[in-house]
Amino acid sequence: MENGKLQQTLAGCIELSGKTLHSGKVSKVKIWPGFAGEGRYFEFHSNLIPASIDFVRESLLCTTLCKDGYKIRTVEHLLSALEAKGIDNCRIQIQSLDSEDTEVEVPFFDGSANAWVEAIEQVGRKEALDRCGNNVEKLAPHLSEPFYVSRNDSFMVAFPASKVHISCGIDFPKVPAIGCQWFSSAALDDSYEKHIACSRTFCIYEEVEHMCSMGLIKGGSLDNAIVCSATKGWLNPPLRFPDEPCRHKVLDLIGDLSLFARSGSQGFPMARVISFKGGHSLNADFVRRLSGITVQET
């Protein structure tokens, strides 16, 4: 639906580097302003990989884009910040310090989207122009009817609405310090930076050894995640919010649903979205289902 807005891009270039979560290697990201109508896309070893659900591949504990044998992992925090801050078009150059790598991860920083939001705020944004010098209207997807996806006891449902609203629930009955939490937000307004972007990745201490045995979280530490034990509670307090784990699920959800974006349009649908015990895999299922139903982009 036409929302009276024009597509936006960065007013300058962003350059950040840092340690990655799963490989533990250092990667470097440089984000350039983009042309209207071209959307958000990654550049890795001169290969262009659109930030689109069409290139998402199943992976553990993160969202991964894959094309022509090249993989970019843990894209969700960066994409969450770009979607929420209205950066519709940009070219995201990414490189590993090892030039032979065919896969790379986005830097993880403190486990939240704070570093990306601060960088976007610092350079600002501007109206994006296409390659002919024209502005392009920003479209937003609207649902024609409710729909849902589910896996076991996890589900996500979306209802048609005039604006974005997210309600997210998690339930960890064996980890009392987390327990059952719910968080709701308009998400894509000014509340994102204050209430969502700074929420950090969390993990269960008793699951760490298993994740390590699978070759994951080699770069994980108490500095880039909040860790909770089933018996001892939080190992690295204080939390930024009592419901920080649930808020982080909203952060991830925004990043994953941004993958519905087409040609510089808004990715997150104008809908009331309710998620319970969701994760990256269910989020991807949701976007694929969204891509397969009748959605008005006006």
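This is a predicted model: local features need pLDDT of at least 70, side-chain atom pairs count only at pLDDT 80 or more; totals for chains, interfaces and linings use all residues.
**View 1. Helix 1 packs against helix 5.** The axes of helix 1 (residues 76-84) and helix 5 (residues 244-257) lie 7 Å apart and meet at an angle of about 80°. The two helices are therefore roughly perpendicular to each other, since angles of 65 to 115 degrees fall in that class. Helix 1 contributes E76, H77, L79, S80 and E83 to the contact, while helix 5 contributes H248, L251, D252, I254, G255 and D256. Sorted by class, this contact contains three nonpolar, four polar and four charged residues.

**View 2. F109 and W116 form an edge-to-face aromatic pair.** The model contains six aromatic pairs. In the pair of F109 and W116, the distance is 5.4 Å centre to centre, with 70° between the planes. F109 is partly exposed, at 25% relative accessibility, whereas W116 is buried, with a relative accessible area of 1%.

**View 3. W182 and F276 form a stacked aromatic pair.** The ring centres are 5.6 Å apart and the planes stand at 10°, so the pair counts as stacked; the limit for stacking is under 30 degrees. Because W182 belongs to strand 18 (residues 179-185) and F276 to strand 22 (residues 271-276), the pair ties together parts that are 94 residues apart in sequence. W182 is partly exposed, with a relative accessible area of 44%, and F276 is buried, at 18% relative accessibility. Ring pairs link W182 and F276 with F155 into a cluster.

**View 4. The charged end of R247 sits over the ring of F241.** The charged end of R247 is 3.8 Å from the centre of the F241 ring.

Note on methods:
Residues are numbered from 1 along each chain as its sequence is written. Side-chain values use heavy atoms; hydrogens and water are left out. Axes are lines fitted to C-alpha atoms, for helices over the stretch in contact, and angles run from 0 to 180 degrees between N-to-C directions. Helices (H or I, at least four residues) and strands (E, at least two) are DSSP runs, numbered from the N terminus. Angles under 35 degrees count as roughly parallel, over 145 as roughly antiparallel, 65 to 115 as roughly perpendicular and the rest as oblique. Contact means heavy atoms within 4.5 Å. Ala, Val, Leu, Ile, Met, Phe, Trp, Tyr, Cys and Pro count as nonpolar, Asp, Glu, Lys and Arg as charged, and the others, Gly among them, as polar. Rings of Phe, Tyr and Trp (its six-membered ring) pair if their centres lie within 6.5 Å; planes under 30 degrees apart count as stacked, over 60 as edge-to-face and the rest as tilted. Buried means under 20% relative accessible area, exposed over 50%, partly exposed in between (1.4 Å probe, protein chains only). A charge sits over a ring if NZ of Lys or CZ of Arg is within 6 Å of the ring centre and within 35 degrees of the ring normal.
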